[in-house]
Amino acid sequence: MTVNCSLWQENSLSVKRFAFAKFSEVPGECFLLFTLILLMFLVSLTGNALIALAICTSPSLHTPMYFFLANLSLLEIGYTCSVIPKMLQSLVSEAREIFQVGCATQMFFFIFFGITECCLLAAMAFDRYMAICSPLHYATRMSREVCAHLAIVSWVMGCIVGLGQTNFIFSLNFCGPCEIDHFFCDLPPLLALACGDTSQIEAAIFVVVVLCISSPFLLIIYSYVRILVAVLVMPSPEGRHKALSTCSSHLLVVTLFYGSGSVTYLRPKSSHSPGMDKLLALFYTAVTSMLNPIIYSLRNKDVKAALRRILALKKILSINK
């Protein structure tokens with residue numbers, strides 16, 4: 001069903017309201033997708049909230065590595081909440097409209113949390129590099145103040161890029177059609193609705209995206225190359241195993257996040273298709289956010305122990321009631 005934009009235009013040049021395209025005209029498919037996404041959303045929220053709570057309430061986890069992990073968990077909660085609720089509404093309701101202000105707000109938070117995660121993953125890789133390659137200086141070089149500054153820089157960078165990219169997009173006029181062939185306000189589908197020549201805006205956005213994705217990624221690569229060199233010269237097999245095990249969870253999360261993001265935003269425009277873009281976006285907004293707490297909790301005995309203490313305390317409190 002195509003949405004009629006003429007009723008939503010305040011003048012002949014600008015659409016002030018959009019509508020998300022339907023996933024499917026088959027009601028059963030929409031309900032199945034709604035159930036799966038809702039399940040992933042709830043698992044993501046619960047898992048990330050529990051990890052953040054476990055780290056905050058366990059003094060033994062008040063270390064740089066877990067400080068960054070708590071930041072990542074809080075970030076993932078915001079990341080999914082910026083996209084998934086509206087997507088769920090669109091799946092089971094005909095109310096698929098969104099005002100331009102709401103669309104801009106959703107885009108800002110999506111970019112904000114996404115860029116912040118890029119920077120935060122780089123900070124986590126730097127932390128592992130310092131812990132393994134400079135263990136004698138780790139406590140001083142990764143002090144509480146340094147960690148706080150790295151986290152603040154990550155969040156501020158996300159905010160600056162989010163504001164800039166959103167301003168780029170919504171400085172354009174949208175003449176129609178007003179239907180966004182996606183399930184949230186992302187850059188490529190909105191650019192497709194803009195009037196006139198958008199090549200300069202697209203080039204500017206592409207440069208910013210490449211810089212913001214590639215710069216943290218190169219720092220991650222450099223950190224892990226140095227870590228690998230340090231691990232290979234360790235005389236003890238136990239030391240090598242311990243060093244690699246502390247990095248494996250982070251490496252897996254980096255692969256999932258950067259892999260899906262790079263395929264989505266850095267592949268040629270000619271290879272984009274609405275169906276593939278939606279599938280990839282669903283993966284990096286819902287699936288990766290759900291997998292991150294599972295990866296960190298399953299592969300980290302300290303996090304598992306803290307989670308068990310929280311669940312045991314909750315059980316005791318419920319019995320006392």
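This is a predicted model: local features need pLDDT of at least 70, side-chain atom pairs count only at pLDDT 80 or more; totals for chains, interfaces and linings use all residues.
1. Let's start with a helix pair: α4 (residues 100-133) and α8 (residues 199-232) pack at about 20°, and their axes are 9 Å apart. Helices here are DSSP runs of H or I of at least four residues, strands are runs of E of at least two, and both are numbered from the N terminus. Axes are lines fitted to C-alpha atoms, for helices over the stretch in contact, with angles between N-to-C directions running from 0 to 180 degrees.

2. Residues are numbered from 1 along each chain as its sequence is written, and side-chain values use heavy atoms, with hydrogens and water left out.

3. Back to the pair: α4 passes α8 in a left-handed crossing, meaning that the near helix is turned anticlockwise from the far one by less than a right angle (clockwise would be right-handed). On the α4 side, the contact (heavy atoms within 4.5 Å) includes I115, C118, L121 and R128. Residues from α8 include C212, P216, L219 and R226. By class, the contact has 19 nonpolar residues, one polar and two charged. Nonpolar covers Ala, Val, Leu, Ile, Met, Phe, Trp, Tyr, Cys and Pro; charged covers Asp, Glu, Lys and Arg; the others, Gly among them, are polar.

4. Next, the sheet. Three strands form an open sheet in the order β4-β3-β5, with mixed pairing; strands pair if DSSP finds at least two bridges between them. At the edges are β4 (97-99) and β5 (179-180), each pairing on one side only. Helix α4 packs on this sheet, touching β3, β4 and β5, and its direction makes about 85° with that of β4.

5. Strand β3 (residues 17-20) pairs with β4 in the antiparallel sense over three bridges. There, F18 has I98 as its bridge partner, and A19 stands opposite E97. On the β5 side, β3 runs parallel and is joined by two bridges, with E179 as the bridge partner of A19.

6. Finally, the unreviewed UniProt entry annotates "transmembrane region" over several spans, including 31-54 and 108-126; positions follow the numbering used here, feature names are shortened, and annotations may be inferred rather than shown by experiment. In the model, residues 31-54 are 100% helix and 0% strand, with end C-alpha atoms 34 Å apart. Residues 108-126 are 100% helix and 0% strand, with end C-alpha atoms 27 Å apart.
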